[in-house]
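Me: I am new to this structure and should be grateful for a close look at one residue and its surroundings. Please go on from there to the parts around it and to the chain as a whole.

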Amino acid sequence: MTWPGASLDPGGTIGGTGARTKRPSGNKAGAHREFAGRLLRCYPVTFVVLAPYALLILPMAVFYQNPETGFIVSLVGLALLGSVAVETIGRLFGRPDPRWREGIRRSHARYPWLYRVAVLVTLTSIVADVLGAHLGRGTIVNQVAGDLSDGPLAMVSTLFSGWRAVGFALLLASHLSGRLSLAKLYGWLAVLVGAEVYIAVLTAVTAPLVALVFFVASTGALCGVFRLRHLAFCAVVLFLVWPAVFEHRNTLREDRGVAVDAQVTARDRLRVDSQLSVVAGFDVPVDLGQPGVTDYLRYGLVPRVLDPDRPALSTGQRINQYIGGGPTSAYTFLLLGNIWFFDGPIGVVVVHAFWAAVAAVLLRWRGTPGPVRLSLFCLVLSDPLLWSNTYPDSTIGFLQHVVSAIPVFVLLWLSRSAVDRSARRPGIGRLSPAASTVR
């Protein structure tokens, strides 16, 4: 019989997958995957920082003999110095659960609405992003014109700007906890990426699409959903199709009356190493009047719908004017270059050490992370640690997205509280999540 109020094993719920059996000790491939997974979860920030440079930026710099290749290597070394030091020290206070999926099942069993909330958040984020794009938010035309698209609906759509990463985190949690099969998870990822492709067509801007693909790939690898060799294969495919995507994007921009520099080719656009190496010529740190503590609080914690008169915040535009460009375009030295530019070499070390500490707490504090901590970890990866983001705007974006995700966290907490209350009724014993049906 089933005990009232007991938390059932999530493996038998929506699209569930069966319990994993222990791999035979002689399965070397399985043992290697388990070792790689534990290593990635011990050094998640190091992996996220190193991956784009190892796969794209440094190979391009070496192939084209970038004279600042040594500077780029030293910049990556400073970032890794901060992350590796903190993540290594963090191992002394607790390592990731070696039985990752079992730990996830235990920590998520008290959230019976997890998959339903994941679907709600994912669909809401897609609708809000598509609506915002149709209203002009983020389009290349509005970027050139300096228009914020501050209509009521456009501002309301920004309230859900962080829900895409949270929705993916909850879908990932649903799969890891046994509520969502791998095939259905891939289906939802196709929906997320397909919606972003449609938005890229509307806005004629491909940077958010590239950011989403890298975020999904890196997070899935850290959580053991994607194998590294499969991701490497996908990276090669994307590299091959990029010229066609670049040409189509330029065509869309010309159709909207935006001038396109014919001298910049698809290959040139991939030379992000040259974009980063520009910062090597400046005496750092540089003060451009970048956001201070008050700006972090105002822009990070107060939604624009409640503060519609505040000016736009774009550090990229200030950088572009500083290097001789106009106010309607933005330039970034990538995440590492921007930190170097504004905070110097010590800043590169400190910023990555800080986020490595945050990631370690989210992944290891009091055991395997639940859905809220996993969502916060995904926001860390998608905002302040995403290699192509603009610092310090991306840190403010992280605060904005945490605030926007509060209703989701409250909904998860209420669903967990309902289970706890029913389990604490007089005369009803509490059962562990693994105890399911028969007495």
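Reply: Apart from neighbours within four places in sequence, H401 is in contact with S161, G162, L379 and D383, where contact means heavy atoms within 4.5 Å. This is a predicted model, in which local features need pLDDT of at least 70 and side-chain atom pairs count only at pLDDT 80 or more, while totals for chains, interfaces and linings use all residues. Residues are numbered from 1 along each chain as its sequence is written, and side-chain values use heavy atoms, with hydrogens and water left out.

H401 belongs to helix α18, residues 393-404; helices (H or I, at least four residues) and strands (E, at least two) are DSSP runs, numbered from the N terminus. With a relative accessibility of 13%, H401 counts as buried. The classes are buried for under 20% relative accessible area, exposed for over 50% and partly exposed in between, with a 1.4 Å probe and protein chains only.

The expected span is 1.5 Å times one less than the number of residues.

Helix α5, residues 114-134, gives a similar check: its 21 residues should span 30 Å, and its end C-alpha atoms are 30 Å apart, which agrees. After α5 comes G136, with a positive phi near 100°.

S177 sits in the loop between α8 (163-176) and α9 (182-203). Its relative accessible area is 0%, and S177 is therefore buried. The side chain of S177 reaches the backbone oxygen of S174 at 3.2 Å.

The loop between α3 and α4 (100-108) holds R99, which is exposed at 54% relative accessibility. R99 and T368 are 269 residues apart along the chain, yet their C-alpha atoms are separated by 9.4 Å.

Within helix α3 itself, residues 69-92, lies L75, buried with a relative accessible area of 1%. Not counting residues up to four places away in sequence, L75 touches L276, L336, G337, W340 and V348. L75 and G337 are 262 residues apart in sequence, but 7.8 Å apart from C-alpha to C-alpha.

A pair of helices comes next. Two packed helices are described by the angle between their axes and the distance between the axes. The axes of α15 (residues 315-322) and α16 (residues 334-364) come within 13 Å and cross at roughly 70°; such axes are lines fitted to C-alpha atoms, for helices over the stretch in contact, with angles from 0 to 180 degrees between N-to-C directions. The two helices α15 and α16 are therefore roughly perpendicular, the term for 65 to 115 degrees, whereas under 35 is roughly parallel, over 145 roughly antiparallel and the rest oblique. In this contact T315, I319 and Y322 of α15 meet N338, F341 and F342 of α16.

For the protein chain as a whole, the secondary structure comes to 19 helices and 0 strands. Of its 439 residues, 47% count as buried. Among contacts between residues at least 6 apart in sequence, 77% join residues at least 24 apart.

Key:
A polar contact is a pair of N or O atoms within 3.5 Å; within protein, one must be able to donate a hydrogen and the other to accept it, and residues adjacent in sequence count only if both atoms are side-chain atoms.
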